[in-house]
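The following report concerns helix packing and strand pairing in the structure shown here.

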Amino acid sequence: MHFDLDNTLEVAARDYEIWKNTDLDSRIAVVKLIRNQLIEQKFKYATSITKDMHKPISQSLAEVEKCAKLCNYYIEESKRILKGRTIKTGWSEVYLTNEPLGVILGVMPWNYPFWQVFRFAIPTLLAGNTVLVKHASNVPNAAVALEELFRIVGNQQVYFNLPIGSEQVENVIANPVVKGVSLTGSEAAGKSVASIAGKWLKPVLLELGGSNAFIVCEDAILDEVVPVAVRARMQNAGQSCIAAKRFIIHNKLKDQFIKKFVKELKTFKFGDAMNESTSFGSMAREDLAEGLEKQMRDSINMGATLVHGGKRDGAFFEPTVLTNINVDMPVFKEETFGPLAVIMGFDDFDKAVALSNGSNFGLGVSIFSKDVNFIKSKIASFDEGALFINEMVVSDPSVPFGGIKNSGYGREMSDEGLLAFVNKKTVVIK
Ligand SMILES: O=CCCC(=O)O
């Protein structure tokens, strides 16, 4: 079917004029309809995810349910967040209103094809904007299913799927109807989108890669920590920006940690992604698995030791563990977007901090210790967007989410996510 980009941009701009004047109660009512439809048809939506990127169906269902949770959060909270505020000054009245900006472009990735779109689109729409979504080319079923789902909105369309190639994104950003861009994707995509948006002076939110450290201190209880560590790395076949990628373990616990980690990996059930008991699937594409294999091989050639796994069959990459890592290896320096854990040791906590900060990314870090007060005293020494103590780094609708350094800038979810694309208009009355 022929897709007319210019016409779509025109309609998105025209419908924005209606949507921005739709009161917040009505926008919230629309989000309720979207949520209801999502839950009623959750198997259909989950199947579109699994078909596109081979995620086991139980995990696709969990992704769809998380989208509903995000809707519930904003259904409850958006009035409070968008309310604006008054400011006491020498004038008789000063206040701030939060107004929409216009048509906002979302450039979205394939690893959580529904979740990533929901966390961009729901708050952006509730603020009164309309959205264009340029989804990843390897999730076409999810992209179409999402547009259909959001079409539930009465008289006007507020969500537009753009089935375009990445080479067309520049023109979309440059188009005067587009007033901002949110990108979740690679560091390279972030640099490109940020420079184009900069040229046209349009606000941009970047949620890029990560190479989170997972630090285990000497006093941690391994039987509690290891199942969390495995989940933190192997979730979504390792294809998550916030997955733990570099395990930094106190030297007194390191050998035991490795043993228990590998034992836990052996409990995974591989198989048909549509089978509800499958707990570990293949990666989304063969070229991605090949890329991970290269990072692993290059690191082994530089002295890393393969402890477990390491085999690839097409897009299937065995859960893999490497140790004897140094900071020059690709598995340390680059993001490993697949099921590969690298394990390093430390004696002194400051060394663990230095290793954690030794990445160009700065999305999040997990630290496990009984001495929470000690860890709290060290919070400022971590260059990260988030620090989770005795918990893996997770995303949650009520908690701001985003990074620093090459992980991007801006925050999604919580109050910050709803205020990401608004004009905070100041009103002063003498
Ligand atoms: O891939 C990055 C985000 C994953 C998540 O929100 O859980």
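## Helix H11 on the sheet

Helix H11 (residues 286-301) lies across S10, S13 and S14, running at about 25° to S13. Helices (H or I, at least four residues) and strands (E, at least two) are DSSP runs numbered from the N terminus; angles run from 0 to 180 degrees between N-to-C directions, with axes fitted to C-alpha atoms, for helices over the stretch in contact.

This is a predicted model, in which local features need pLDDT of at least 70, side-chain atom pairs count only at pLDDT 80 or more, and totals for chains, interfaces and linings use all residues. Residues are numbered from 1 along each chain as its sequence is written, and side-chain values use heavy atoms, leaving out hydrogens and water.

## The sheet

An open sheet of mixed pairing is formed by 7 strands in the order S10-S13-S14-S9-S8-S16-S17; pairing requires at least two DSSP bridges between two strands. Its edge strands, S10 (305-308) and S17 (386-389), each pair on one side only. From one strand to the next, the twist averages 25°.

Strand S8 (residues 212-216) pairs with strand S9 (residues 244-250) in the parallel sense over 5 bridges. Ala-213 has Arg-246 in S9 as its bridge partner.

## Helix H9 and its packing

Helix H9 lies across S8, S9, S13, S14 and S16, at about 170° to S8. H9 (residues 222-234) also packs with helix H10 (residues 254-265) at an angle of about 60°, their axes being 9 Å apart.

Notes. Contact means heavy atoms within 4.5 Å.
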